[in-house]
Structure formats: C-alpha cells, structure tokens
Amino acid sequence: MSDMLTAAFVTVFIATVLSQAMPLMLAAVGETIGEQAGVLNLGIEGVMLIGAYSAFVATLVSGSFWVGVLAGIVGGIVGNLAMLVLNVWLGLNQIVIGLAVTLIGEGITSVLYLQNYTKSPASLGAAPKLAIPGLSDIPVIGPSLFGQTGIFWIAVIVALGLAFAMARTNWGLSTRSAGQKPSSLDAAGGSVMRTRSIAVLLSGALVGFGGAYLSLITTATFSPMLTNGLGFIAIVITMLSRGRILVVMITSLVYGLAVAIGPALQVIGFTVPADIIKMLPFIIVILMLIVFARSSVVPPALGTPYTRGAR
Amino acid sequence: MNTETSAARRFAEGFIRAVVPVLLALIVSAFVMMAIGASPLEFFAGVWKYGITGNNWQRSLVLMAPLVIVAVGLIVAFRGQLWNLGYNGQYLLGAVVASGLGPILFDVMPAFLATIVVFIVAVLAGAVWSLIPAILKARYGTNEIITSLVMSFIAVGVVNLLIKGIFKDPGVTTPQTAVIPDDELLPYIPGTQIHIGFVIAIVLAVVAQFVLSRTSFGLRVDIFGASPKAARHVGLNSTWMVILLFALSSGLIAFAGSIDILGQFTYQRADWDPRYGDAVMPLVFLARFRPVAAIPFVAFYAVLATGGTLAAQQAGLNVDFLLVIVGLILLFMTITEYIGDRRRLGQSYVPAGLRRTVLKPFLGSSVASSSAGTSGTENRSASERTPV
C-alpha cells in the first residue's frame, strides 16, 4: 500500500481535491455574501445549473474557456434576477422563490441540454493550464497546485479579495449591516435596497462562476442535474462558517477531500461502491451539522424582507 | 381584516387566488416552449389526449394515489411550520421497503398480511429517517430545510445500495428488484384499472382534514405552527411536537412510496426517482394546507403529468419540463400573493412562519420582531376558528 503513495498519486489527489472544492467554494462564497446581506437564496442549485449550462454552451460555441466563464457569470446573474425582483424589491417569501428558482433551473437546463446535445454528447477537453514559472517545478505541489488553470487563480483571488472586502471595507460593513439590522443601515443613510440588490447580483455572479467551474473544469462537460445537491451543501457550509469567507474556503476543501477520497481508495485497492462515494459528502455534512449545530449562526435579519417603517 | 365578507365571497376569492397562478404558469410555460422551439398547442393537446381521453383518466387517478398521500404528509409538517423537504428520500425509502422486502414477505405469508407488514415497515422507515432533522431542529434549532434535504440525498444513496445489493433481482443484469406478481399487488377497484391505493389516499386526506381542523390535536398543531413560543407557554412540549410532526409527515410520504410500488410499479430500479414531492409542494401551498382542498390540485397535476410524459416527447420536449411548470406555479403564487396583499384580498398562501423559519425557533429573541414583516399574512387555519 505504501508504494501506492507515490508522488504522482499524491499529485493527482491534490488536484482532484482542488477541482472538486472550487465550484462549491465559489457558490458558498456567493451564498455567504447574500446571507450576510439578509437574503437566503435557496435557489442556488438552480442558479448553478444555469451558470454551468451557459458556460458549457458558450465554450462549445466560442472555443474559449474565458468566454465560457463570462457566460456562466452572466447566467448566474440572470438566474438570480428572480430573487432580486421578487424578494428584495417586492419583499416576497425567499424560501418559496428559492425553491422555484431551483426547479426552473433544473428543468430548463435539462430540457435544453437533452434537446440540443443528446445526439452528440460533447466534451470540452481540458482547459489550458497556467504553469507558474519556478513554482510549478516543485515536485508534487508544483504540478498539482501551481499547474492549475488561470480560471482557478482568478477564483482564488476573487474569493480572497471578497474575504478582505467583507471584513475591512465600507461596502462590507453596509452589506453585513443589511443582514444584521437593516433599519440601522437605513437610519445611517445607506440604502438597504441598493445594498441587498448589489449583494444578490454579486452572489449570483459567484454562484454562476461556481457552476461554470463545475462544467468547464471539474467535469469538462454538462449533464442534466450536474450539481446533484452541491447548491444545498453550499448553503450548509455557509451557515456553518458564520459568514466568514476564509472559513468557507477551508470547509470547501474538506468537502473536496471527501469527494476525492473515494477514487483514491479505489486506486489503493479498496473497491468502494459508487453510491457510497456519492453519499460521502452528504454524510460528512450531516455529521458536521450534528457536531457543530450549536455554532451555526445566521444573521438576525436573514429571510426577512425589509419594509421601511415596519417594526 | 374583512370581517363582513360572506362565506361564498371568501370561497370565490380563495378559488381565484388559487387558480390564477396555475393559469399564469401554463401561459408563461407556453411562451417558454415556443422560445425553445416546441409547440405548446401540441403539448397541451397531448396532455388532454393522454391524460384524460379513453382509459387514460384511470392512469391519472392511479398517479393521484401517491401524490395525494405525499400532499397529506407535507401538509402535516407544514401546518406546524416545519418545512420537511426531504420528501424525495422518504418516498424512495418507502418504495424500496415495498419492492425489496415485499417479495421476501409474499413468499412466507398471505398477500394481505404481507401488504400490511410492508406498509408498517415503510411508515416506520420513513419516520425513523426523519429523526435526525427533527432532533436537530428541536434541540438546536438547526434549519430543517437543509437537514431534511441533506438526509434525502443520503437516503437516495442508501436506496440505491439496497437495490444493487441485497434486494437485487439476480435474474436481471440491470440493478432492479424482483417484479412482484399480479396476484400479490393491491387489488383493483372493481370494473377499473385503479388500485385501491387511490381510495386509501382519498380517505387519508379526509381523515387528515378532520383531524387537523376539528380535533384538539389539530388545534395544538396550529398553535405550535403559529408560534412555538406561545405553544410552550400554554404547555405544549415543543420537542415532542417537532419529532411527532416530522415522523408523521415522513412516515406518510414513505407510505406513498410503498403504495406506489405495490399498486403500480411492481418493481424498482436503481437511480429511479419520480420526484413527486417537488410537484406536490406548490399545490399544497395553493390548497392553503387543507388536505381535501389539495385533491383537485393534485388531480390537475396528475393529468398534466400523465399526459405530459407522452405529450412532451411528441412536442419535442423532455419530461423535466414539468419541473419548469411547477417552478412557475410557485413564482406566480408568490406574485399573486403580493398583488392580493396589496388589494387586501384575503390571507396569504405563505404563513408568517416560513419567514422566520431560518431563525432559531425556540431560543431567538428576534422571532417576534421578524414576524411583523408584512401585513395580511395570518394563517388561514387560525382564522377558520375565529367567529365571523
């Protein structure tokens, strides 16, 4: 067994962990921003699928992965428009709208895919790698971490930038106050509507990016119901991370580990049924919920539409 | 609120507000169909043809059996403002008990007895499965939407493992359970091809309606749903209530799964998931959590789904398009509610509890302030009891 733990094996393992964790991380960072602003988006499963599908189509048509990522982001923003208009502006129930967005996202992407691509299922191939000179020559870490795609680095930089912005900037402060106590933000001269609108759109962009990452890089193709519950895991991770984006990033890596461990065990010689591998992340999530349930904290104004003047 | 309105007027308003979202959803879905190059006329004509004409109405009624029971199961939880969204897993658990355990039991005991045992085990399996979300909710206030959903994904895995493992029919290469022979299935209603599960479902809905609106237990559920805090003050055990309602809801949905296998499908394949709950959930809201009122909506959807499967293929669509229609119903439901709120047309579909469900139910001090969000959101069931 020890001779299986070669450098090549570890390299593949780390790369798998990262590629599995990234879509979840992006979606969970997006959800975190929405939740901090007081908007619980249960529709991110659907929004992710819309992002994944539009990224897939755009990359197939244009041949460029960057165009695909952009399309995924645009798709995510469009998917979140329902949330923006119906919830933030009109103050309708977030949970019902969220579930509606999930169902519509699942249905429409599945129908479109089966209509257009069943006859010739298309695979995208590998996205171009961005080998960082010098660092990528380090054994094991080099090829797995520093030989990632450029999209990977953009995602990491965006997440870290948002972690900083949420904690240290005026924008982050007003976003968080929109979820903590919207009336104070209003009293202080900020606009709850505008803050929440920006947060929802940004959240949609990130979730769409996560979907794009999933279809472009993690699986390199699209299939109906590709996300398979990833959006809901993102919501759990967001709740457990108490809105801290750095914690979100670390927890996502734990999820990536849970997914990558199955194939790795198979390489070592344990045959694990595919269904157990599929269940594993969910089991870990439920265990995390049981152990850390006490510490899952959500912003006080989460889920409540803001009406000026209402108590 | 409007205290002077007659019962007839309230009924009419409720009817309009329940039917308008469905109509709007159908109209918009027609536009979506046109946008993706399918013919809506062909689709709706197909729904009529394959869902109602000839003997097809009987297939629609057969589909209604599990749907109505799922609806009752959802209503039991939703009345208590517990959002059990683990229905897919619970349904499959009940189904796998019937399709896996059923053939084994039918060998050793009379069909009637075996059927009863299957039903009991299925209900218990569903109830036990719901314990984790229920306890997490009752003890720590963990959002049950998330926990029940996650448990649902685990249940799907467990069911697949069972079908590929101990319940696999060795005579077939594809992973599926043994086919249950005709004489061991649920009997038909004489003169039709509709199994008695349909009758059971309707009876269940009527009984649930009675229990929820005419007994002290129903009143307790409503008090608990209206305010867990108030319920605790009047001496209701919140922890027990959460666990009981979750177990009832989940057990009923599992029962629907077992009835569906014994009545209609006769065996179960791996990765099979009809996702009935997704379709039923909006209908339950439209029926304002009243089991009997849910029956016509379920009938409507059953026709849409029975006819839609074939009609979708003919119109060049995929069955998943039904999900889009259901999602649109949900969207238009909230929009209708918004307009209704504006015009003071009556009560909301969506009770205030859904707004505060993301907050800690028993610990939070913010519960009271958050429920004062918008006006006109009183629970319908509460107002049923107030003298007019």
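**Close-up views of the chain A and chain B model**

**View 1. Polar links between the two chains.** Across the interface of chain B and chain A, 5 residue pairs are in polar contact, both partners being at pLDDT 80 or more. Keep in mind as you look around that this is a predicted model. The rule also finds 2 salt bridges across the interface of chain B and chain A. One of them joins the side chains of Arg275(B) and Glu106(A), at 2.7 Å from N to O.

**View 2. The face that chain B turns to chain A.** Several helices of chain B each supply at least two residues to this side, namely helix 6 (131–140), helix 7 (144–164), helix 12 (276–286), helix 14 (321–343), helix 15 (352–356) and helix 16 (367–370). Helix 7 of chain B brings the largest share, 13 residues. Sorted by class, the residues on this side of chain B are 33 nonpolar, 14 polar and 7 charged.

**View 3. The whole contact.** Here 54 residues of chain B meet 53 residues of chain A. Together the chains bury about 4,500 Å², and carbon and sulfur atoms give 76% of that area.

**View 4. The second largest pocket.** This pocket holds about 500 Å³ of space. Its lining counts 20 residues, with Phe11(B), Gly14(B), Phe15(B), Ala18(B) and Phe297(B) nearest the centre. Helix 1 (7–35), helix 13 (291–314) and helix 17 (380–385) of chain B each give two or more residues to the lining, and helix 1 of chain B gives the most, with 10 residues. By class, the lining of the second largest pocket has 14 nonpolar, 1 polar and 5 charged residues.

Terms used
Residues are numbered from 1 along each chain as its sequence is written. Chains are lettered from A and ligands numbered from 1 in the order in which they are written. This is a predicted model: local features need pLDDT of at least 70, side-chain atom pairs count only at pLDDT 80 or more; totals for chains, interfaces and linings use all residues. Side-chain values use heavy atoms; hydrogens and water are left out. Contact means heavy atoms within 4.5 Å. Buried area is the accessible area (1.4 Å probe) that two parts lose on being put together, summed over both. A salt bridge is a side-chain nitrogen of Lys or Arg within 4 Å of a carboxyl oxygen of Asp or Glu. A polar contact is a pair of N or O atoms within 3.5 Å; within protein, one must be able to donate a hydrogen and the other to accept it, and residues adjacent in sequence count only if both atoms are side-chain atoms. Helices (H or I, at least four residues) and strands (E, at least two) are DSSP runs, numbered from the N terminus. Ala, Val, Leu, Ile, Met, Phe, Trp, Tyr, Cys and Pro count as nonpolar, Asp, Glu, Lys and Arg as charged, and the others, Gly among them, as polar. On a 1 Å grid over the protein atoms alone, a cavity is a set of points where a 1.4 Å probe fits but cannot get out, and a pocket is an open set with protein on both sides within 12 Å along at least five of seven lines; lining residues have an atom within 4 Å of a point. Grid points are joined across faces, edges and corners, and a volume is the space filled by probe spheres set on the points.
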